[in-house]
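The topics are grouped below.

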Amino acid sequence: MAEVEFRSIEKGFPGGARAVCDLTLHVPDGELLVVVGPSGCGKSTVLRMAAGLEAPTAGEVLIDRRVVNSWSPQRRNVAMVFQDYALYPHMSVRGNLEFPLRMRKLPKAEVRAKVAETAGLLALEDLLERMPGALSGGQRQRVAMGRAVVRDPSVFLMDEPLSNLDAKLRVQIRAEIAALHRRLGTTTLYVTHDQVEAMTLGSRVAVLSAGRLQQVAAPADLYARPANLFVASFIGNPGMNILPVRVVALVPHGVRLRIGERPIDVGVPEAARADLRVDAPLWAGVRPEALSLGPAEGSLRVRVEAIESLGHEHLVYGRVVGVPVSAVPIDAGAGDIGIELGRVVARLPSTERPPTGAELFLKLRPESVYLFTPSGECLRHGHPGSIGP
Ligand code: ATP
């Protein structure tokens with residue numbers, strides 16, 4: 001086992017693409033750290049630099065406290081698992097598992113014992129004589145993991161290993177990966193674009209956007225205390241509602257904002273408050289689960305555009321009416337992070353099903369409101385979930 005560290009890593013590609021900028025990240029021995037972010041944010045490049053398949057343009061990669069920039073992938077003793085399995089098609093499952101051990105010229109008895117042990121660990125015993133072509137996607141991925149496990153590497157590097165599987169199998173294999181990690185305790189870097197996967201699997205999650213690390217924290221912390229607008233809107237399913245607002249007045253311990261039908265007072269930490277002025281633009285954030293149907297006072301007036309029924313609850317998508325969104329200058333690149341101005345989504349119990357086209361009021365509690373500066377930095381964390389009547 002080993003710890004992995006990235007120190008001030010930069011990675012540019014010929015032609016100008018900067019895939020990773022100033023990445024500093026420490027993965028302690030035995031941790032399963034998930035790297036998550038949208039397509040093209042540099043996740044695979046980070047993993048490939050740990051594997052030795054790409055060289056950083058600047059900075060250092062350390063494994064077990066040794067700088068490994070110049071080490072070959074073999075010398076690093078890491079095992080990669082890819083989304084396309086990368087099994088040898090002309091070898092049986094047994095052959096695939098034996099291959100890395102034979103390459104190391106281990107004695108036959110040891111190879112047999114290790115393959116048997118790994119097959120037991122991943123429930124592959126009955127598949128050992130099959131060819132990869134005769135396996136289901138889930139079974140192939142288990143073999144691919146087996147081939148990584150059998151080598152007894154110091155680090156696992158997994159690049160979207162579940163993305164070729166259907167939704168049900170993804171959940172099952174995800175649980176198997178978590179169990180395997182608990183059992184073996186091998187340091188693991190796991191890359192995915194799926195924030196649900198990241199939140200359920202990682203003991204910590206590193207969020208990347210455009211090659212930059214936005215935040216690294218435990219899943220519950222990312223959700224409750226996002227460092228910035230990107231993390232707030234990326235983490236959560238659906239992500240946080242983001243609305244442009246203006247400061248109406250400074251009040252003791254906070255600011256008065258016009259978000260919905262009436263101004264509401266929201267507390268702001270003293271240090272952050274010093275920089276706020278009347279009329280200053282801000283972003284307000286509210287989690288879909290913190291909205292509920294309510295009276296007009298202190299509420300957002302919303303026209304319902306669509307409803308997604310999830311069985312026990314509904315996601316109600318709507319457009320805010322009555323607040324002049326265009327009055328707020330935007331300089332946080334709202335489009336870049338997928339914010340659709342004026343759109344909100346509320347998570348409501350299945351007993352509350354408003355018809356499409358209806359206007360309704362969504363109660364906004366000051367405690368649940370997050371605030372961000374125009375450039376996206378978080379000024380105040382709200383309460384993420386439902387907090388009673
Ligand atoms: P995805 O989820 O789509 O796989 P990713 O987050 O893993 O994306 P990377 O594959 O790491 O992203 O790519 C990051 C950026 O670097 C992208 O803009 C990509 O086009 C660019 N890039 C990656 N590999 C190369 C390369 N060999 N040459 C030039 N540009 C590259």
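Helices and strands here are DSSP runs numbered from the N terminus, with at least four residues (H or I) for a helix and at least two (E) for a strand. In that numbering, S154 sits in the loop between α5 and β7. The model is predicted.

- Apart from neighbours within four places in sequence, the contacts of S154 are M1, A2, R76, N77, T186 and T187.

**Helix α5**
- Helix α5 covers residues 137-149, and its 13 residues should span 18 Å at 1.5 Å a residue; the end C-alpha atoms are 18 Å apart, which agrees.
- Because ten of its 13 residues are buried, α5 is largely enclosed by the rest of the structure.
- The buried residues of α5 are G138, Q141, R142, V143, A144, M145, G146, R147, A148 and V149.
- The elements covering these buried residues include the strands β6 (78-82) and β7 (155-159), along with the helices α3 (93-103), α4 (108-121) and α6 (167-184).

**Largest pocket**
- The largest pocket holds about 640 Å³ of space.
- It is lined by 21 residues, of which Q74, V78, A79, M80 and R151 are the closest to its centre.
- At least two lining residues come from each of α2 (73-76), β6, α3 and α5.
- The biggest contribution to the lining is that of β6, with five residues.
- Sorted by class, the lining consists of 16 nonpolar, two polar and three charged residues.

Notes
Residues numbered from 1 in each chain as written. Predicted model: local features only at pLDDT ≥ 70, side-chain atom pairs only at ≥ 80, totals over all residues. Heavy atoms only, no water. Expected span 1.5 Å × (residues − 1). Buried < 20%, exposed > 50% of the residue type's maximum accessible area, 1.4 Å probe, protein only. Contact = heavy atoms within 4.5 Å. 1 Å grid on protein atoms, 1.4 Å probe; cavity = no way out; pocket = protein on both sides within 12 Å on 5 of 7 lines; lining within 4 Å. Points joined across faces, edges and corners; volume = space filled by probe spheres on them. Nonpolar A, V, L, I, M, F, W, Y, C, P; charged D, E, K, R; others polar.
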